[in-house]
Amino acid sequence: MGEKQYFLAVDGGGTSTEFLLVESVSRGEGRSSEGEEQGEGVRDCVLCSFSVGSTSVKSVGVSAARENLLEGAKRVGEALRARGASPDEVFGVWGLSGCDSADDQARYERMVADSGFDSSRQLVCNDALLALRAVTAGPGVVLVAGTGSVALGVDAAGRVHRVGGWGYQVSDLGSGCWMGSRLIREALLYSDGCRAFDPVFDAVCTQAGCTYDQLGDVAQRLTRADELAAFARIVLDYAPESTPKGAGTPRGGAVEKSEVCRDIRRRAAEYLAGYITSVVNKAGEGETRETGDAVDVVLSGGLFSNESFYEEATSTVRQRLAISQRPVSPSSPSCPLPHSSSRRSSLPTTLPLSPSDSSSSSLSHSRSHSYSVRFHRLEKSPTVGGINMAKRIAEKHSSQRG
């Protein structure tokens, strides 16, 4: 029997939290946590994999987030004890939605410490980083669009650059929460007699379980981000080029498309494309531009499971990056997201809603560099990236002890 190590990855989103515990045994052949063949030297065995409720303080509040985190930690502890191990032996990565500042990180670290794990072996970070590390260990960009939205970029020096995810009420543009709240707003305008009917409004009432007369009262009680994000599915189902899926089918059962949903989906794609463009520029991908190498862009989160939205978002990113890489006149503040040593003076005062909204007259001549991105739609769990990160923590821990 070889030496055993235990690795934990936690992917905490605004709606649910996934735990993955792996036992790694040196020597012998086996399969990785992804089910892939491994050579002699390491054998990974999944001890447990399960989900609990949201651990995002900003989605469900401190009490519920703490309760869900402790519930997951308890189940991990039970799986460890069944193998004769303890939480103190685990190297873990806790990728948690809402871990957006030093104060957020300190609060989550206290929760992790209270759950019985050795803090010196644990890393608490934003959940987006796990998705990136599920695809690449090097530089790259990740965009998470689920209940909330955030973009992170890691440059060649290992520095992390971030855009968005500053809170559901003021940020997280293009997210499920953002889509859902915009859809409900339009339905309320119709119920108040302020706008024309759209077929999707019937689906909103069906989802909310109310009549139009009751919609205002019900909407006021939708205070949690995950509750609002549940309406994003309707947006994606009813936008043109999408197919409704039963619940909330328009009056008479006919498949009707919604211009309201098309507009919301388009704006969501534009906002998310702006996030990615900004992160690429913040990360200073100069070497990539010179060599023509593609930038790895990982797209993670429930919204990208919709094929139409995925196609629209990736197309918009390519358009936005092509515009942002054109050389500009120094006196043109309207160019979207240019490189400049003075961010305050060079960034646009508003985020263009579409490439045509940008002031193309401010662009001097054609692009000076070819620029490409390599998209990865994350179809495996981000916890795979968390396990990769946990193993690197163990390697560093071992070298420090040696």
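User: Before we get into details, how many helices and strands does the protein chain have?

Analyst: The secondary structure of the protein chain comes to 14 helices and twelve strands, and since this is a predicted model, everything I say describes the prediction.

User: ok, and what share of the residues is buried?

Analyst: Of the 402 residues in the protein chain, 53% are buried. If you look at the contacts with a separation of 6 or more, 67% of them are between residues 24 or more positions apart.

User: Let's do the rings, how many aromatic pairs turn up in the whole structure?

Analyst: The search of the whole structure finds ten aromatic pairs. One of them joins Tyr190 and Phe197, whose ring centres are 5.3 Å apart with the planes at 65°. An angle over 60 counts as edge-to-face, so the pair of Tyr190 and Phe197 is edge-to-face.

User: Which other aromatic pair does Tyr190 form?

Analyst: Tyr190 also forms an aromatic pair with Tyr212, and that pair is edge-to-face as well, at 5.2 Å centre to centre and with 75° between the planes. Tyr190 lies in helix 5 (residues 176-191) while Tyr212 lies in helix 7 (residues 212-220), so the pair ties together parts that are 22 residues apart in sequence. Tyr212 itself is partly exposed, with a relative accessible area of 23%.

User: And which residues form an aromatic cluster?

Analyst: Phe19, Phe50, Trp94 and Phe117 form one aromatic cluster.

User: Where do charged ends sit over rings?

Analyst: The charged end of Arg162 sits over the ring of Trp166, 4.0 Å from the ring centre, and the charged end of Arg377 sits over the ring of Tyr310, 3.9 Å from the ring centre.

User: Back to helix 5 then, how does it pack with helix 6?

Analyst: Helix 5 and helix 6 pack at an angle of about 105°, with their axes 10 Å apart. Angles from 65 to 115 count as roughly perpendicular, and therefore helix 5 and helix 6 are roughly perpendicular to each other.

User: Which residues make the contact?

Analyst: On the helix 5 side the contact is made by Leu183, Glu186, Ala187 and Tyr190, and on the helix 6 side by Val200, Phe201 and Val204. These residues divide into six nonpolar, no polar and one charged.

User: Which residues of helix 6 are buried, and what covers them?

Analyst: In helix 6 (residues 200-208), the buried residues are Val200, Phe201, Asp202, Ala203, Val204 and Cys205. What covers them includes helix 5, helix 7, helix 9 (232-238) and helix 10 (259-282). Just after helix 6, Gly209 takes a positive phi of about 70°.

User: Which residue has a positive phi although it is not a glycine?

Analyst: Asp172 does, with a phi of about 50°. Most residues other than glycine have a negative phi. Asp172 is placed in the loop between strand 10 (160-163) and helix 5, and it counts as buried because its relative accessible area is 6%, where the cut-off for buried is under 20%.

User: New topic, Leu21. Where is it, and is it buried or exposed?

Analyst: Leu21 is in strand 2 (residues 16-26), and with a relative accessible area of 0% it is buried. Leaving aside neighbours within four places in sequence, Leu21 is in contact with Phe7, Leu8, Cys45, Val46, Leu47, Cys48, Val76, Ala79 and Leu80. The C-alpha atoms of Leu21 and Ala79 are separated by 8.4 Å, although these two residues are 58 residues apart along the chain.

User: Last one, is Glu67 buried or exposed, and where does it lie?

Analyst: Glu67 lies in helix 2 (residues 62-81), and at 57% relative accessibility it counts as exposed. Glu67 and Met111 are 44 residues apart in sequence, and 9.6 Å apart in space from C-alpha to C-alpha.

Definitions and conventions. Residues are numbered from 1 along each chain as its sequence is written. This is a predicted model: local features need pLDDT of at least 70, side-chain atom pairs count only at pLDDT 80 or more; totals for chains, interfaces and linings use all residues. Side-chain values use heavy atoms; hydrogens and water are left out. Rings of Phe, Tyr and Trp (its six-membered ring) pair if their centres lie within 6.5 Å; planes under 30 degrees apart count as stacked, over 60 as edge-to-face and the rest as tilted. Helices (H or I, at least four residues) and strands (E, at least two) are DSSP runs, numbered from the N terminus. Buried means under 20% relative accessible area, exposed over 50%, partly exposed in between (1.4 Å probe, protein chains only). A charge sits over a ring if NZ of Lys or CZ of Arg is within 6 Å of the ring centre and within 35 degrees of the ring normal. Contact means heavy atoms within 4.5 Å. Axes are lines fitted to C-alpha atoms, for helices over the stretch in contact, and angles run from 0 to 180 degrees between N-to-C directions. Angles under 35 degrees count as roughly parallel, over 145 as roughly antiparallel, 65 to 115 as roughly perpendicular and the rest as oblique. Ala, Val, Leu, Ile, Met, Phe, Trp, Tyr, Cys and Pro count as nonpolar, Asp, Glu, Lys and Arg as charged, and the others, Gly among them, as polar.
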